[in-house]
Amino acid sequence: MKIMMREVCLGVEGLFELLYNELRQSTRASKQNCQDVARRIADEVNRICNESNRIQNSGDVDSWAQNLANHRLKQVCHYYKLGSLQGRVELQSTLSAIIYRYITPHQTPTSYQARLNMIEDFLQGFYAEALNAFRRETSLEETYRPRSLLELSEYMAFTERYGKRRIPLPGRRSQQLVILRAQTFSQQQPPETSVDMDTAAEGAAQESDATWNDAAIQQVREAMVLSDSEPLDSSLRETVIKELFAYLEERQQHDCANYFTLRLKDLPTREIEEILGINPRQRDYLQQRFKYHLIRFALSHRWELVHQWLGADLDRNLGLTPKEWQRFQEKLSSQQSELLKLKQQGYSNEQISKTLGCTLNQAQKRWFKLLEIAWDIRNSSVSGSGRSKDE
């Protein structure tokens with residue numbers, strides 16, 4: 001047994017290197033971030049292999065370790081590829097489908113919407129429980145919170161596995177942990193709760209889209225401790241918003257500024273149309289015009305500020321992974337490669353235009369085109385059309 005455990009302990013370093021290298025290639029996370037996540041996964045796999053009698057007696061501990069590590073890596077990359085918003089939706093949908101038939105007290109009539117509301121209420125607490133379990137099992141501090149997209153993906157993957165754990169029951173039976181928690185939650189609800197939730201659901205249906213759920217959704221987000229991307233400084237975000245408003249006002253795009261204000265409030269489409277007094281077709285046109293100005297602002301007007309906010313500045317290879325950065329450089333012409341090199345060396349726009357023998361306006365347009373190439377590569381990876389293992 002000691003020899004077997006020694007082999008696993010030796011193998012955990014190999015697993016760590018494989019996990020670390022894959023995370024570096026498949027994500028845009030920092031080196032330290034990839035090391036931390038890879039180390040936690042490798043340590044968990046090592047612990048499972050050492051504590052499982054079935055694995056220890058199998059005679060092939062290394063294969064078990066590799067399979068477990070690969071499974072966890074695939075889960076993390078899956079949520080990373082989805083991104084924080086779609087990842088939340090995916091996790092919520094997965095757990096909701098498991099507990100849907102167990103969440104309502106017996107002999108209590110409830111509507112479909114009321115049951116969904118109860119599921120949301122239950123999952124708020126379950127996400128917090130999963131976070132505490134994650135801290136405990138990975139020996140993290142009680143104040144730990146996932147701050148980056150990679151850490152968030154790791155947490156969501158753990159939460160899915162945590163909910164699906166089989167808990168032994170009397171009579172050689174077992175049940176998934178999230179189902180047991182949901183059953184307990186339902187049994188603890190007072191009789192009048194389902195009636196109140198029905199009434200609230202009916203009221204929400206008569207008003208605007210999901211207005212009753214806004215507070216609950218916000219609580220879910222807070223309980224899951226999520227951030228929409230890599231850690232962003234709030235003051236930098238406010239600066240980007242302020243600059244974008246100034247950009248729109250300077251170009252007399254007052255209706256786009258009004259639309260942006262309403263979007264910041266996360267209002268549903270129908271309510272935005274009512275406030276602005278426009279029909280769906282007009283709103284669609286306004287949305288496209290705003291998108292045009294947003295892209296111009298992000299890639300041309302204040303590209304340094306926006307890319308810094310997105311963690312996609314030049315120091316981070318414009319937010320591209322190593323494989324994407326290589327593909328990006330292969331797409332560049334010799335002139336564009338020279339422009340990129342000058343930018344990386346900190347040359348001013350005036351110096352670059354003189355070096356390249358073009359006007360200042362031409363140099364800016366060429367840089368805009370270069371950023372568009374990087375933007376397309378990043379977005380093709382996010383949408384899934386460019387590669388299989390990315391955000």
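Predicted model: local features only at pLDDT ≥ 70, side-chain atom pairs only at ≥ 80, totals over all residues.
**Strands first**

Two strands pair if DSSP finds at least two bridges between them. Helices (H or I, at least four residues) and strands (E, at least two) are DSSP runs, numbered from the N terminus. With that in hand, I looked up Leu169 and found that its bridge partner in strand 2 is Arg173. Strand 1 (residues 166-169) and strand 2 (residues 173-176) run antiparallel, joined by four bridges. The two make a hairpin with three residues between them. In that turn I checked Gly171, and its phi is positive, about 80°.

**What I'm looking at**

Residues are numbered from 1 along each chain as its sequence is written, and side-chain values use heavy atoms, with hydrogens and water left out.

**The whole chain**

I found 18 helices and two strands in the chain. Of its 391 residues, 44% count as buried (buried means under 20% relative accessible area, exposed over 50%, partly exposed in between, with a 1.4 Å probe and protein chains only). The chain exposes about 21600 Å², and carbon and sulfur atoms supply 48% of that (areas come from the Shrake-Rupley method with a 1.4 Å probe; for residues, only the protein chains shown count as cover). Then I looked at contacts (heavy atoms within 4.5 Å). Among those between residues at least 6 apart in sequence, 67% join residues at least 24 apart.

**Cores**

Next I looked for nonpolar cores, which are sets of buried Ala, Val, Leu, Ile, Met, Phe, Trp, Tyr and Cys residues joined through side-chain atoms within 4.5 Å. The largest has 52 residues, and Val45, Ile99, Ile103, Phe122, Leu123 and Leu150 touch the most other members. Several helices supply at least two residues each, including helix 1 (2-26), helix 2 (31-51) and helix 5 (112-137). Helix 4 gives the most, with 13 residues. Apart from this core lies another, of 16 residues, with Leu340, Ile352, Leu356 and Leu370 among them.

I also picked out Phe122. Not counting residues up to four places away in sequence, Phe122 touches Ile99, Ile103, Val178, Arg181, Ala182 and Phe185.

Glu44 is found in helix 2, and it's buried, with a relative accessible area of 14%. Who does Glu44 touch, not counting residues up to four places away in sequence? I got Arg72 and Arg161. The side chains of Glu44 and Arg72 are joined by a polar contact of 3.1 Å (a pair of N or O atoms within 3.5 Å; within protein, one must be able to donate a hydrogen and the other to accept it, and residues adjacent in sequence count only if both atoms are side-chain atoms).

Ser153 sits in helix 6. Is Ser153 buried or exposed? Buried, with a relative accessible area of 0%. Its side chain reaches the backbone nitrogen of Tyr80 at 3.2 Å. Leaving aside neighbours within four places in sequence, Ser153 is in contact with Val76, Tyr79 and Tyr80.

**Cysteines**

Last, I searched the whole structure for disulfides (a pair of cysteine sulfur atoms within 2.5 Å) and found zero. Cys34 counts as buried, at 0% relative accessibility. Cys358 is buried too, with a relative accessible area of 11%.
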